Structure formats: C-alpha cells, structure tokens
Amino acid sequence: MFAAERRQLILEMVRANGAVSLRELARVVQTSEVTVRRDVRALEAEGLLDRRHGGAVLPGGFTRESGFPQKSHLATAEKTAIADVAASLVEEGEAIVVGAGTTTQELARRLARVPGLTVVTNSLLVAQALAHANRVEVVMTGGTLRGSNYALVGSGAEQSLQGLRVSRAFLSGSGLTAERGLSTSNMLSASVDRALVAAAAEVVVLADHTKLGTDTMFQTVPTDVITRLVTDEPQPHDDRAATELQALADQGVQITVAGGTAAPAADGMQGRRPRRDSPLPVQRRGGPTAQLRSAPSGMLEQQAGERARVADMRRR
C-alpha cells in the first residue's frame, strides 16, 4: 500500500471512530506502528487529525464520542486484560456499581463468577452480561435509554442512586488526564457517572492507553477522587503516556498495569491512598512492583556517604 493510500485509510478510520489507537491502525493497514506514527504525524501537520497518547483523534482538542459498534472493536485485547485485573479486585459478597462502556461490559462478563455479588448499573450491556449469573444480584437504575451506548441516563437514573452506598465504583470514559481526571463527551452520561461515584467509597477507573491524555467535554471524576487506575502497557517510547501516568501517580492514584499472566498485585494495596511525598508504585500484572520515580538524588548521596563511613571504621 502506498503512503497516500495508507493515510487516506487512517483518516477514514479516525473520522468513523473519533479515536483510534496506533496498534489498531497498524493492524488494519498492515504495517508497523513506526510507519503509522509517521503517517499520523504527517496528517496532523495538514490539520486533518490530532495525535494523542498512542493514537489519533479528530481535530479540535475535544473528541466526539464514538458509537458502541465502533468502540467495541477498538483495543479489544487491552480491554480484556484490564477487565481481568479489575475483576480480581472484587470480593465475594461485595456491593459495587458498574458504569456503562465496552470495558465495563468485559468486566461484567467476569463478575458473573463472583458469588454473593450485588451489582448496581445503568448499563443494559452490563446487566445482560450478568443476566444468567445465578449468584449475582443485578440492580438497574431508572432513567431514559441512550441508544448509542445502551445506558440509562437522565434524572430518573440519578434519583434512583440517591441514598445508595457501595464499596467500589468501576467506571470508564472517553478520556483521562491528570489535570481533569476522567471525562466523557456526553452531558447526560457525565451526570449519571457523577451520581455513581457519589455512591461509592472507592473509585476504580478502567482506561486503555488510547484514553490517556485525551480530554473531552464533561468531567465525570476529578483526579483526586480516583482511587485506582487499571490500564494497559503504554506504547514503547511513548514518553507522553509515561508522563501522564506519572502525573496521575503524583496525585495519589494507584496505577495497575495489565498485560501479564501471573496473579495480580496483592490485596494489601486495595483501598489505600499512597502518600504523595513517597515514590508511588505501579502494580504490573505478571511482574514485580515497579516505581514511576527513582529515589531522590539527595537520598542516594546520603546512602553512599553512610557506606563510606562504615568501610572506614572497618579499616580502623
């Protein structure tokens, strides 16, 4: 495929979906992510699209929301890995809320195996995934059906959540930044998501790498309210994604990176907000805990000086 043909196809995909990851673009045009990144850069220079962390979006800064058929085919492997990790955070007998979205739909499919679980949701897709789970109770909100994402919205949905209290809320969205937190492109969806958050003691955000650094119109969850982010491995050499994750961690968000095969991080991290003046861990599924920040240089110099004093005393 010639460069002009590739770029035209890339442009058509972005226009159809609103946002597309580099991995998905590379798969469709059957070339490397390096080549796709170069094509996206060229299209951005022409003002035809905007680059985002690990992907491309429609120009203008605030992406529009894609419909369910488009979103269901984006970053499917990443969403599966994220859902696996998120499901491991849920315990038997818990009461949780689960918002609308394709990633939360994947989570719901795994929650069907958790006995004694109560799930409150405004998503028909989440409810459908749990419909035949004998040991899971599903509580639907009221509201008006929004067909583009099969979710109940409006005052009816919000009023049905008043007075509710659960242990955790699992939410997705259209974009996530350290500055504004989680956001979405639809005002009604944002309002219901805020009501879901208000009902939960902890908030877990499920967001694949294509949403990192993307900002959309309506804020749903401020960064300081997010307890944990479950995401996938950022693109290699994607410094902007790493910077965004670091900024989120600096504000107290626990970050779990999905993608391995071993057991998820220990339960001891659940429900704790790390101190903001200490190195903040990134829990990686299938690997040891890694730190986003290295030790301060002053600390390293102090440790080196102490070792030198001990060695001098031994020589004496």
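User: Between which strands does the loop holding Asp208 lie?

Analyst: This is a predicted model, in which local features need pLDDT of at least 70 and side-chain atom pairs count only at pLDDT 80 or more, while totals for chains, interfaces and linings use all residues. Residues are numbered from 1 along each chain as its sequence is written, and side-chain values use heavy atoms, with hydrogens and water left out. Helices (H or I, at least four residues) and strands (E, at least two) are DSSP runs numbered from the N terminus. On that numbering, the loop with Asp208 runs between strand S12 (200-206) and strand S13 (218-221).

User: Is Asp208 buried or exposed, and at what relative accessibility?

Analyst: Buried means under 20% relative accessible area, exposed over 50% and partly exposed in between, with a 1.4 Å probe and protein chains only. By that scale Asp208 counts as buried, because its relative accessibility is 1%.

User: Which residue forms a salt bridge with Asp215, and what is the N to O distance?

Analyst: A salt bridge requires a side-chain nitrogen of Lys or Arg within 4 Å of a carboxyl oxygen of Asp or Glu. Asp215 is buried, since its relative accessible area is 19%. The side chain of Asp215 meets that of Arg180, at an N to O distance of 2.5 Å. This pair links distant parts of the chain, with Asp215 in the loop between S12 and S13 and, 35 residues apart from it, in the loop between strand S10 (175-177) and strand S11 (181-184), Arg180.

User: What is the distance between the closest N and O atoms of Glu202 and Arg168?

Analyst: Glu202 is buried, as its relative accessible area is 18%, and Arg168 also counts as buried, as its relative accessibility is 7%. These two residues form a salt bridge in which the closest N and O atoms are separated by 3.5 Å.

User: How many residues of helix H6 are buried?

Analyst: Helix H6 (residues 102-111) is mostly covered, and its buried residues include Glu106 and Arg110. Glu106 and Arg110 also belong to a network of salt bridges with Asp84 and Arg109. Of the ten residues in H6, the number buried is nine.

User: What length does helix H5 reach from its first C-alpha to its last?

Analyst: Helix H5 (residues 76-88) has 13 residues, and its buried ones include Ile82 and Val85. The expected span is 1.5 Å times one less than the number of residues. For H5 this expectation is 18 Å, and the helix comes close to it by reaching 19 Å.

User: What accessible area does the nonpolar surface patch with Tyr150 have?

Analyst: Tyr150 lies in the loop between strand S7 (144-146) and strand S8 (151-153), and its phi is near 55 degrees, a positive value in a residue other than glycine. Patches are made of residues with over 30% relative accessible area and no salt bridge, with like charges joined within 9 Å and nonpolar side chains (Val, Leu, Ile, Met, Phe, Trp, Tyr) within 5 Å. Accessible areas come from the Shrake-Rupley method with a 1.4 Å probe, and for residues only the protein chains shown count as cover. Together, Leu124, Val138, Met140, Leu145 and Tyr150 form a nonpolar patch with an accessible area of about 390 Å².
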